[in-house]
Structure formats: structure tokens, C-alpha cells
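Please read the following report alongside the sequence and the three-dimensional structure.

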Amino acid sequence: MTKAAVMGSGSWGTAFAAIMADAGTQVSLWCRRFEVAEEIAATRRNSAYLPDLVLPDLVDATNDAQEALAGAEIVVVAIPAQEVRTALAAWLPFLEEGALLVSLMKGIEQDTGLRMSQVIGQVAGVEDARLVVISGPNLAKEIAARQPAAAVVASTSPRARARVAEACAAPYFRPYLGADVIGIEIAGATKNVIGIAVGMAAGMGMGENTVASLLTRGLAETVRLGVALGADSQTFLGLAGVGDLVATCTSPLSRNRSFGFELGRGRSVQDVLATSHSTVEGVKSCRSILQLAREADVDAPIVENIVSVLYEDRDPREVLGAFMSRTRKHEI
Ligand SMILES: NC(=O)c1ccc[n+]([C@@H]2O[C@H](COP(=O)([O-])OP(=O)(O)OC[C@H]3O[C@@H](n4cnc5c(N)ncnc54)[C@H](O)[C@@H]3O)[C@@H](O)[C@H]2O)c1
Ligand SMILES: O=P(O)(O)OC[C@H](O)CO
């Protein structure tokens, strides 16, 4: 039986541990806090993140990283993007020789502008063939309720992606295979920022035409950036592209959309962040994405305007007006 470690017991780490166990993989779920590991051991539940999910018996929880990583052939990282560099450095001594390293994150590192698989590869000093990314329309709460969903499991190595896909193919979770790691990571990180923009518009009372227009132009912006960085444009029509954009931009379960919604209703960035207990990746990644776009000379007006609302105190209403008065141009 394949043994995996899932490092991070927030919403997605916990749901993904259940997916892997339901796929027949033995999972050690690493919890940063001892109380979470203790609760899971005693009740099979992680009440702070997914109270309705009863974790399968194939999931063991521990807050000891060495114990979690012992014997793990697949190591899945599921923590906030900006924390990966430091956390992974601490886990390195305990990684098994040859283990595959899987990123579930949807973010870009601040300061370096690196994608998550790049950060993992750099910190762990491993070749691309051992790195895998997973992305798609995967709202943790729906997956935890075992509602059917699909995702892309991507790696430059056909063997690595097939192995990880096998280890997470559950009756309600269908992994597709991919090779375009750049496209999948750029799609995953950028959709969070587009989700904030759409949420903002919805919070201001705008209807479906506004949502669909922003989502579509957000996709155009994401494709431009991805292609400039070396991605395949077809990737953005897939699960990690359009699929995730639709899920994020239309679901009240999305933290990024909900964050934007509150801004649209008139609350301040500080106020909304102070009351949010889970990761809103678009907030920290938007500046790195804008930086990547500027370096690649790519026009990214939605990302740029979200940065101005979050970091330059710009009024969301003014931003919506600014979109409408941009210089007329060809759609494609
Ligand atoms: N929740 C989802 O539906 C979902 C789906 C797909 C992808 N993702 C991505 O997965 C990643 C994790 O998101 P999440 O929803 O699980 O977040 P979360 O906020 O629910 O949980 C974050 C977890 O990381 C841990 N953590 C925080 N700081 C840490 C540190 N310095 N070192 C170690 N652990 C730390 C927390 O204790 C918590 O267990 C994000 O990049 C997110 O975009 C989330
Ligand atoms: O809650 P969000 O906005 O982080 O979105 C979660 C997933 O990425 C949706 O696929």
C-alpha cells in the first residue's frame, strides 16, 4: 500500500487526506497544532475546519513532522503559500530519499515571484521529475461531502504524475494527468485574484453580466500572463483554468470571492482580514502576480486594480468605473 504524508491540516489538507485514504492510500496527516492531531485521533474529526467530515481509518494524525514523514513515498504540502519555504526547510531532514513532493497551494511567493513547485524544488534541492502539482475546481467543503469533482495532477515526469494520480483517485475525485506545471500554477494563483474582483462586484450588488464579463476578461488576462511565462494556452481551458475560475467566482464557499464580497459591501481590507480565520491566497499573491506581469510586459488590469484596492486604499467603486473606461481594444 502506498504511504503518503499530508503536511497541513487546514481545510484542503484535511479534505485531501480523506481523498487519498478513500483512494486506498495510507495517510499520515501532519497538524501544526497538537490539539488538532489529538482531536482527530480521538474523534476522527477536525472540527475547526471541516466539522462534518469523518476521516477514514486510513488517516492517522500527528503533530510530529518526523513521524508523519517516516516512510512517506508521497509528500503532499497543503499550507499557505507564503509559509512553504520556512516550513519545508524544517521538514527536510525527515524526507525519505526519492519521495515525490506534491503542491496543493495556489499562490505565488512574495518577493521572489516563484511558483510553489519552484519554491519546493529550490528548498528541497530536488529535480523537476520529483515535483507534482494538483489543481482544479476543488472547494474543500464540497469534496469533504464527497461530491464528485475532478482535478489535474501535473508533473514533467509521466511516472510521477501517474503515481500521484493513482494515490488520489477516489470514487468522487477524478484526477486527470497534465504536464503543463507552469500553466496550472499560474491559473491556480491568478484565479484567486479574479475571484476577489468578482466578489467585490457582487458585493456592490452587480449581477451575472458583470460577473461573467469580469470572469472572462480575467481568463484573458491569465492566459496572456501564463503564455508569456511559458505555459500552453490550452491549459487555461481545462480544470485548473476555466474550471477553477467558475468554481471560485460563483461559489459563496470561496474565501477569495467572499473576501472581495465584503470589500464590495464597503468593509475595509483590515476589517475583513481581521475576521477571516482561513487562508485568502489572493491577498498576498496579487502583488507577486502583478510583478510577474510587469516583468513579462503583460497587461493585467484586473490584477493591477485589485492590488490598488488592497494596498493603495483605492475605492472598489472607483475601480469598477476604471474598467469600463479603459481604451477600446480588440477582444482577443
Ligand atoms: N480550501 C480549499 O478549498 C482549497 C482547495 C484547493 C487549494 N487550496 C489551496 O491550499 C492551500 C492551503 O489552503 P487551506 O484552505 O487548507 O488553508 P487553511 O487556512 O484552511 O489551512 C491552512 C493550514 O496551514 C497551517 N499553517 C499555517 N501557517 C503555517 C506554517 N507557518 N507552517 C505550517 N503550517 C502552517 C494551518 O495551521 C492550517 O492547518 C492554499 O494555497 C489554498 O489556495 C485550498
Ligand atoms: O476558497 P478559495 O477561494 O481559496 O478557493 C478554494 C479552491 O481553490 C477552489 O478550487
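Around ligand 2 there are 13 residues, and those that come nearest are Asn138, Asp244, Ser254, Arg255 and Asn256. Here a residue is near a molecule if its C-beta atom, placed from the backbone, lies within 6 Å of it. The model is a predicted one, in which local features need pLDDT of at least 70 and side-chain atom pairs count only at pLDDT 80 or more, while totals for chains, interfaces and linings use all residues. Residues are numbered from 1 along each chain as its sequence is written, and chains are lettered from A and ligands numbered from 1 in the order in which they are written.

Helix 8 (181-203), helix 10 (239-250) and helix 11 (255-264) each give at least two residues to the shell around ligand 2. Helix 10 supplies the largest share, three residues. Helices (H or I, at least four residues) and strands (E, at least two) are DSSP runs, numbered from the N terminus. At least three residues of this shell come from each of domain 1 (3-179) and domain 2 (182-324); the domain bounds come from an automatic or database domain assignment.

Ligand 1 is surrounded by 24 residues, of which Gly10, Trp12, Glu83, Ala140 and Thr279 are the closest. The largest share of its shell, three residues, is drawn from helix 1 (residues 11-22). Because domain 1 (3-179) and domain 2 (182-324) both give residues to the shell around ligand 1, this ligand lies between them.

The table sets out the composition of both shells.

The protein chain is divided into domain 1 (3-179) and domain 2 (182-324). Their centres, taken over C-alpha atoms, are separated by 25 Å. The contact between them takes 27 residues from domain 1 and 26 residues from domain 2, two residues being in contact if their C-beta atoms, placed from the backbone, lie within 7 Å. On the side of domain 1 that touches domain 2, two or more residues are given by each of several elements, including helix 5 (116-124), strand 6 (131-135) and strand 7 (149-154). Strand 7 gives the largest share of that side, four residues.

A UniProt record (unreviewed entry) places "domain: Glycerol-3-phosphate dehydrogenase NAD-dependent C-terminal" at residues 180-320. UniProt positions are given in the numbering used here, feature names are shortened, and annotations may be inferred rather than shown by experiment. The span 180-320 is 73% helix and 0% strand, and its end C-alpha atoms lie 33 Å apart.

In helix 7 (residues 158-167), the buried residues are Ala160, Arg161, Val164, Ala165 and Ala167. A residue is buried if 20 or more other C-beta atoms lie within 10 Å of its own, exposed if 12 or fewer, and partly exposed in between, with C-beta atoms placed from the backbone. Seen down the axis of helix 7, its buried residues fall within an arc of 160°, so they line one face of the helix. This arc is that of the directions from the helix axis to the C-beta atoms. The exposed residues Pro158 and Arg159 are carried on the face of helix 7 turned away from its buried side.

Arginine 44 is not a glycine, yet it has a positive phi of about 70°.
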